[in-house]
Amino acid sequence: MHLAAHIAALIAVLSTGVGYGTDAFCALVQRPALARVDDATLTAVMGNVHRFGDRRMPVPGILGIIASAAACVFAALAGRPVPSATAGAALALLVVWVLLYLRVSAPINRALTAAADKHQTPANARALQHDWDRIITPRAVLQGLAIAALCVSLIN
């Protein structure tokens with residue numbers, strides 16, 4: 001069970017790392033870059049980014065959540081309370097990330113994708129992006145902390 005916990009934690013780190021890297025890039029690079037473009041460009045770019053991101057990013061996200069849960073359970077079954085607790089903490093952080101995504105990011109993603117599909121620029125495009133931007137740093141922090149917790153589970 002100890003080996004299974006480690007393998008699950010490793011899969012969780014790698015899977016969650018995809019989302020963490022994406023969110024960190026968005027917070028560090030995409031956000032300031034988009035501040036320098038006009039609203040039509042912002043809508044077209046972000047609508048298309050969200051079109052592909054919302055289709056493809058759930059795979060590593062779901063895998064990271066499942067693997068974190070598995071690492072927590074396997075470590076508990078192996079009698080390893082610290083790795084179980086840290087993998088459980090990672091799981092909780094990832095669940096909070098999903099809630100933020102579903103409640104804030106996903107509706108904005110859908111609005112910008114729909115506008116891009118229609119080749120329209122919503123009057124509130126900048127406000128939509130601002131609302132999306134305001135939680136990208138917390139999202140990145142949640143995933144970074146989850147990866148750190150999973151790494152702790154690997155060394156204990």
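**View 1. L128 sits in helix 5 of this predicted model.** Helix 5 covers residues 125-133. L128 has a relative accessible area of 13%. Buried means under 20%, so L128 counts as buried.

**View 2. The whole chain gives the setting for the close-ups.** How many helices and strands does the chain have? It has six helices and zero strands. Read from the N terminus, the elements run α-α-α-α-α-α. The C-alpha trace spans about 55 × 25 × 20 Å along its principal axes. The chain has 156 residues, and buried residues make up 39% of them.

**View 3. Helix 1 packs against helix 6.** Helix 1 takes in residues 2-34, and helix 6 takes in residues 136-155. Their axes are 8 Å apart. The angle between the two helices is about 155 degrees. Angles over 145 degrees count as roughly antiparallel, so helix 1 is roughly antiparallel to helix 6. Is their crossing left-handed or right-handed? The crossing of helix 1 and helix 6 is left-handed. Which classes of residue make this contact? The contact of helix 1 with helix 6 has 14 nonpolar residues, eight polar ones and three charged ones.

**View 4. Helix 1 also packs against helix 3.** Helix 3 spans residues 58-77. Here the axes lie 7 Å apart, and the angle is about 155 degrees. Helix 1 and helix 3 are therefore roughly antiparallel to each other. Their crossing is left-handed.

**View 5. W97 and Y101 form an aromatic pair in helix 4.** Helix 4 runs over residues 81-117. W97 and Y101 are four residues apart in this helix, about one turn. A pair of aromatic rings is described by the distance of the centres and the angle of the planes. For W97 and Y101, the ring centres are 5.6 Å apart. The ring planes meet at 5 degrees. Planes under 30 degrees apart count as stacked, so this pair is stacked. The count of aromatic pairs comes to one. Are the two residues buried or exposed? W97 is buried, at 15% relative accessibility. Y101 is buried too, with a relative accessible area of 18%.

**View 6. R55 lies over the face of F52.** How far is R55 from the ring centre of F52? The distance is 5.8 Å.

**View 7. H119 has a positive phi value.** Where is H119 placed? The residue lies in the loop between helix 4 and helix 5. Phi of H119 is near 55 degrees, and this residue is not glycine. H119 has 76% relative accessibility. Exposed means over 50%, so H119 counts as exposed.

**View 8. A148 lies in helix 6.** At 39% relative accessibility, A148 counts as partly exposed. Pair A148 with T86, and the sequence separation is 62 residues. How far apart are A148 and T86 in space? From C-alpha to C-alpha, the distance is 8.9 Å.

Notes
Residues numbered from 1 in each chain as written. Predicted model: local features only at pLDDT ≥ 70, side-chain atom pairs only at ≥ 80, totals over all residues. Heavy atoms only, no water. Axes fitted to C-alpha atoms, helices over the stretch in contact; angles between N-to-C directions. Parallel < 35°, antiparallel > 145°, perpendicular 65-115°, else oblique. Left-handed = near helix turned anticlockwise from the far one by under 90°. Nonpolar A, V, L, I, M, F, W, Y, C, P; charged D, E, K, R; others polar. Phe/Tyr/Trp six-rings, centres within 6.5 Å; stacked < 30°, edge-to-face > 60°. Buried < 20%, exposed > 50% of the residue type's maximum accessible area, 1.4 Å probe, protein only. Lys NZ or Arg CZ within 6 Å of the ring centre and 35° of its normal.
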